[in-house]
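Biologist: I have a model open and I would like to learn how to read it. Where do we begin?

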Amino acid sequence: MPTHCLALFGATGGTGRQIVTQALEAGHTVQALVRDPARLPIQHPQLHLITGNVLDPDAVERTITGTDAVIVTLGNTANNPDWIVSEGTRVIVAAMQKLGVRRLIVISSLGVGDSRDQVPAFFKVLMKTVLKKAMEDKERQEQIVAASGLDWTIVRPGGLTNGPRTGRYRAGLDRTLVAGQVSRADVAEFVLRQLDDRTYLHKAPAIT
């Protein structure tokens, strides 16, 4: 499999760390934008940390410069500004367009967009209550990605766990795929496979 130089946004989250670890194991180079380098205590000659904020166009451009693919696994946590996921993605897309980097893989969530019926009833209730703003943020993010003109793939996982990498998951566009649990490690594996697989170009596969 060819190796890539990747720009990664959201590297200090659970899925982001799995992507970093597996990408380095596969021989890829990773340039990750982090607000606090101490939150990613991985030492590797092919891991380059850029300190900054995803809302800062200069920091985002520095992270993307010299790469051939971008992976976005941003999350909306309590200490982040409102709409950090969608607005950060808007900055990333603009930088990619400016720098001529085309491949974009974004981790969203089942329940977003046309996958609403692929989540259980209790999750639909959460989407309208405690998760309302986070899900709206992801809706906006997906719309920005779909309108970007880039070579994008949106990956929509079910419920994320910290379990091991198993390779035993289901992924695809089949609307009967219902959100179940899937490990962040398996999601990372699937995401990295998309670097050289055009099956889901301009599509949003579920993984569960």
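Modeller: We begin with exposure. Buried means under 20% relative accessible area, exposed means over 50%, and partly exposed lies in between. Keep in mind that this is a predicted model.

Biologist: Let me try that on E87. Is E87 buried, partly exposed or exposed?

Modeller: E87 has a relative accessible area of 25%, so it is partly exposed. R90 is at 41%, so R90 also counts as partly exposed.

Biologist: What links the side chains of R90 and E87?

Modeller: A salt bridge, at 3.3 Å from N to O. The cut-off is 4 Å between a side-chain nitrogen of Lys or Arg and a carboxyl oxygen of Asp or Glu. By this rule the model has eight salt bridges.

Biologist: Where do R90 and E87 lie?

Modeller: Both are in helix 3, residues 84-99. They sit three residues apart, which is about one turn of the helix.

Biologist: Now a pair from separate parts of the chain, please. How should I read R198 and D151?

Modeller: Start with the bond itself. The side chains of R198 and D151 form a salt bridge at 3.5 Å, N to O. R198 lies in the loop between helix 6 (184-193) and strand 10 (206-207), while D151 lies in strand 6 (residues 151-157), so the pair ties together parts 47 residues apart in sequence.

Biologist: How does the exposure cut-off sort these two?

Modeller: D151 has 15% relative accessibility, so it counts as buried. R198 has 44%, so it counts as partly exposed.

Biologist: Which salt bridge does E189 make with R165 side chains, and at what N to O distance?

Modeller: The E189 and R165 side chains meet at 3.0 Å, N to O. E189 is in helix 6 and R165 is in the loop between strand 7 (159-161) and strand 8 (171-172), so this pair ties together parts 24 residues apart in sequence. Salt bridges with shared partners join E25, R165 and E189 into one network.

Biologist: And how exposed are E189 and R165?

Modeller: E189 is buried, because its relative accessible area is 17%. R165 is partly exposed, because its value is 45%.

Biologist: What about R168?

Modeller: R168 lies in the loop between strand 7 and strand 8. Its relative accessible area is 70%, so R168 is exposed.

Biologist: Let us turn to helices. How do I describe two that pack together?

Modeller: Two packed helices are described by the angle between their axes and the distance between the axes. Take helix 1 (residues 14-25) and helix 6. Their axes come within 8 Å and cross at roughly 55°. That makes helix 1 oblique to helix 6. The crossing is right-handed.

Biologist: Which residues of helix 1 and helix 6 make the contact?

Modeller: Helix 1 gives G14, T15, Q18, I19, Q22 and A23. Helix 6 gives R184, A185, V187, A188, E189, V191 and L192. By class, the contact has seven nonpolar, four polar and two charged residues.

Biologist: How many residues of helix 6 are buried?

Modeller: Eight of its 10 residues are buried, so helix 6 is largely enclosed by the rest of the structure. Among the buried ones are D186, F190 and E189.

Definitions and conventions: Residues are numbered from 1 along each chain as its sequence is written. This is a predicted model: local features need pLDDT of at least 70, side-chain atom pairs count only at pLDDT 80 or more; totals for chains, interfaces and linings use all residues. Side-chain values use heavy atoms; hydrogens and water are left out. Helices (H or I, at least four residues) and strands (E, at least two) are DSSP runs, numbered from the N terminus. Buried means under 20% relative accessible area, exposed over 50%, partly exposed in between (1.4 Å probe, protein chains only). Axes are lines fitted to C-alpha atoms, for helices over the stretch in contact, and angles run from 0 to 180 degrees between N-to-C directions. Angles under 35 degrees count as roughly parallel, over 145 as roughly antiparallel, 65 to 115 as roughly perpendicular and the rest as oblique. A crossing is left-handed if the near helix is turned anticlockwise from the far one by less than a right angle, and right-handed if clockwise. Contact means heavy atoms within 4.5 Å. Ala, Val, Leu, Ile, Met, Phe, Trp, Tyr, Cys and Pro count as nonpolar, Asp, Glu, Lys and Arg as charged, and the others, Gly among them, as polar.
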